[in-house]
Amino acid sequence: MKKFRYALLPLVVATTYGTAAHAIEDDRFYIAPMGSYAIADKDRLNSDDGYGGTLALGVPLTPSFALELRGNYLTYGDRDFCTSRPLLPPLCDNKKDDIWGAGVGVNWYLFGAQVGPYLHGDVLAGEDAEQYNVGLGWDFPLFDTFSIRAEALYHYENNERENHSTNFEEPLFNLGVRIPLGAKPVAPPPPPPPPVVVVPAPPPPVCSDGIDNDGDGAIDFPADKGCTDANDMDEYNPICKAPGPGEPMTLEGCAVGDTIVLQGVTFEFDKARLTPNAKVILDGVAGALEKRPDIKVEIGGHTDSKGSDAYNLSLSDKRSKSVKDYLVSKGVAAGRMTTRGYGESMPVADNNTDEGRELNRRVELKVTESTGGGVTVAPTEATAEFAKPMTTTPAAEPAPAPAPAPVAGGTTVILKDYAYSPASLTVPVGATVTWKNEDGSNHFVNFAGESSGRLKEGATYTKTFTSPGVYEYACQLHPQMKGTVVVQ
């Protein structure tokens, strides 16, 4: 029996290893009845091959290991045990060679999941013999209810009958079924997906005076409330703006941080020398500065991206100084003006197009200081009315102004010198208006929800008005260009 105890050691080790493995999918107990057939060892004398049965009760420990309690029975048929006698025939006794045993075994499934090929080993003990079986088995699953099991084992038997020990080594074959007990476990549901983390949208930037909030390279005007779009042209104060065609230059309403683009202030090609047209415009700028002695300004020069950065920076600086020198010659105090060349660092349009480069070549007048002494606000109609002396006799209501007579048929608006001319039209319902660009720059005619697209020099755009109302339009490239069509 010592050999039996020693043989249990590898089974204990294998079982311990299997228990430490991960959780299994099907951990049901099972029963495996099998028929057994052994090819008799030649030392069994004239015994027949053995046949019988094996019964296993097992439990999976991991997808690869299962522990079994086993019992078997084998009978090898009759055989004669004879005793010789002098002068007499031998005395023979016919006996059956039956063995049985019970013990433990382990299966190691090569591919896991308790199916397919496995290595088997067991140790069994009976009344007269100890058995050791090792070999290869295979579970063939059928449906979800049972498997066909086949085993080919090496059978070693230590027989201790009749005060002597005999060892037998035989091939042993088992064939039967493996039947799980109980209902098959249901796979756990998949874990829920991780919660979706909703990241709140970042708050819109806070508009502040003197900061380029929308990143378009130009300082926003102080009163701006919508500084999140680089295309909103919000660096121009609607109160402090460049004059329209025929309007005098004025700086009334301009405060610190406001910037006016001096449209038409141009220079000779690749030079800082002012053109005659630029001098006419700067005459008006000088007059506007005389009327606002409370402010100081910066004259900023800008170029497109053609040429090197250093060259453009130098050229823009020279051009801004040329503008200052001209204004000084017209009586503006030099101490009220500073100059700065920005080169190509602050574009307001695409430098890859002729139109964009034209917009980027510009001179800007920026208010840098103000004491407020020259800022005036025109009184509203109500304020002017209450300022009049009171009288006991109510004034007669003024007669309503006659409505302007509609222009019959179609009419034409000319785009010239960065303005629509005329800026306001009154037409009857059904009239067609034509816009014609006679300027050297590209322009747009943009109504609410409708645009002419880019109009090059000589291009036209027409629109028919079928409903009465007031229709306002503007140029998206030059925000100072605005017009109105009144349909009656």
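**Ground rules.** I number residues from 1 along each chain as its sequence is written, and side-chain values use heavy atoms, with hydrogens and water left out. Because the model is predicted, local features need pLDDT of at least 70 and side-chain atom pairs count only at pLDDT 80 or more, while totals for chains, interfaces and linings use all residues.

**Entry 1, the sheet.** I looked up an open sheet of four strands and found the order β9-β12-β10-β11, with mixed pairing. Strands here are DSSP E runs of at least two residues, numbered from the N terminus, and two of them pair if DSSP finds at least two bridges between them. β9 (259-261) and β11 (337-343) are the edge strands, each pairing on one side only. β9 runs antiparallel to β12 (residues 362-370) over three bridges, and Thr259 stands opposite Lys366 in β12.

I searched the whole structure and got 14 salt bridges, meaning a side-chain nitrogen of Lys or Arg within 4 Å of a carboxyl oxygen of Asp or Glu. Asp139 and Arg178 form one at 3.6 Å, N to O. This pair links β6 (residues 129-142) with β8 (residues 166-180), its residues lying 39 apart in the chain. Asp139 is buried at 1% relative accessible area, as is Arg178 at 8%; buried means under 20%, exposed over 50%, and partly exposed in between (1.4 Å probe, protein chains only).

Glu450 meets Lys463 with the closest N and O atoms 2.8 Å apart. Glu450 is partly exposed at 34%, whereas Lys463 is buried at 13%.
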